[in-house]
Amino acid sequence: MGEYAVVSSEGANSTAGEAIAKATNFRQWFEDFISWQNLIKIAGGVILILIMWVAYRLILRGIKKSSSKKMNTHRKQMLVHFSKYIFYVLVVLQVLSMIGIKLSALLGAAGIAGIAIGFAAQTSVSNLISGLFVLGEGSIKIGDAVTVDDVTGIVEEINLLSIHIHTYDNHMVRIPNSTIINSNFTNINFHKTRRMTIAVSVDYSTDMRTALEVLAKAPALCPTVVADPAPAVWCDGFGDSRINMTVAAWFKPADFLQTKNDLYIAIKKVLDEAKISIPFNQLDVRIKDDIKIIQTDD
């Protein structure tokens, strides 16, 4: 029993000695670190960070104040994000250098760790590279109405990794830049004007030339339809019980909804005034009475 108590006392003394040794080593490291040479180095590093911060703020101010003719909104936003990432990286590297971590050792460790996390990071790298392509192409900017796969809405933000789309249902959808590069992408607002086509059917009893002349009057009744390019009307084939025609009109993308409503109303109006009927499906129901024959044996 006494021997056990002695062993326990020796273990406690050993643990206490290790704790004291660690505290002594930390104190020694702290005293070595807080030297005049290191303090001067830290002060110089802090001054350098302040200089970088001032330069960073001046760069941001210059980007934001640049004219829209030289740089559109989405390019400004991309440069702001890119400048922010560069500033953060430089600050982190400077802080690591101030506390005595060698960048060569850090890069060596990063090379080993990079092999382990390379597969996990390949998606982010792909989105980053795709973001640079999106920026370089200039095919999309903030405020554009776009369609990516089955998502349609207004572009609110363009980042290096993704874009944010505000849908017409008031949802925010984040789409990776690699998806934009690898899928069908439609920019509805890319050009100054766009065309709307509306299919119209008339009865077979209608004179086709008369129908063309009547339908050609409809776009002129819509104030948002532009004159150049000029509207057009054409025959589009024969259906089972109707003659198919198409009315096409050009308008500014911002006037989409008003143009669509006005054009439908105008088409119906000119057809009614010309007494041209629009065929529609009809269902005739005939009820036949059952006839019962009763035979009787004499």
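Predicted model: local features only at pLDDT ≥ 70, side-chain atom pairs only at ≥ 80, totals over all residues.
Residues are numbered from 1 along each chain as its sequence is written, and side-chain values use heavy atoms, with hydrogens and water left out.

The protein chain has seven helices and eight strands, where helices (H or I, at least four residues) and strands (E, at least two) are DSSP runs numbered from the N terminus. Of its 298 residues, 27% count as buried, buried meaning under 20% relative accessible area and exposed over 50%, with a 1.4 Å probe and protein chains only.

Let me turn to the open sheet, in which five strands follow the order E4-E3-E2-E1-E5 with antiparallel pairing; two strands pair if DSSP finds at least two bridges between them. Strand E4 (172-176) and strand E5 (185-187) stand at the edges, each with a single partner strand, so one side of each has no neighbour in the sheet. Strand E3, residues 162-167, pairs with E4 over five bridges in the antiparallel sense, and Ile 163 stands opposite Ile 175 in E4.

Next comes helix H6, residues 208-215, whose buried residues are Ala 211, Val 214 and Leu 215. These cover an arc of only 90° around the axis, which puts them on the same side of H6, the arc being that of the directions from the helix axis to the C-beta atoms. The face turned away from that buried side carries the exposed residues Arg 209 and Glu 213. At the N-terminal end, Asp 207 caps H6, with a side-chain oxygen 3.3 Å from the backbone nitrogen of Arg 209.

Finally, where is Thr 224 placed? Thr 224 lies in the loop between H6 and E7, and this residue is buried, with a relative accessible area of 12%. Leaving aside residues up to four places away in sequence, Thr 224 touches Trp 250, Phe 251, Asp 255, Gln 258 and Thr 259, where contact means heavy atoms within 4.5 Å.

Terms used: Polar contact = N/O pair within 3.5 Å; in protein donor to acceptor, adjacent residues only side chain to side chain.
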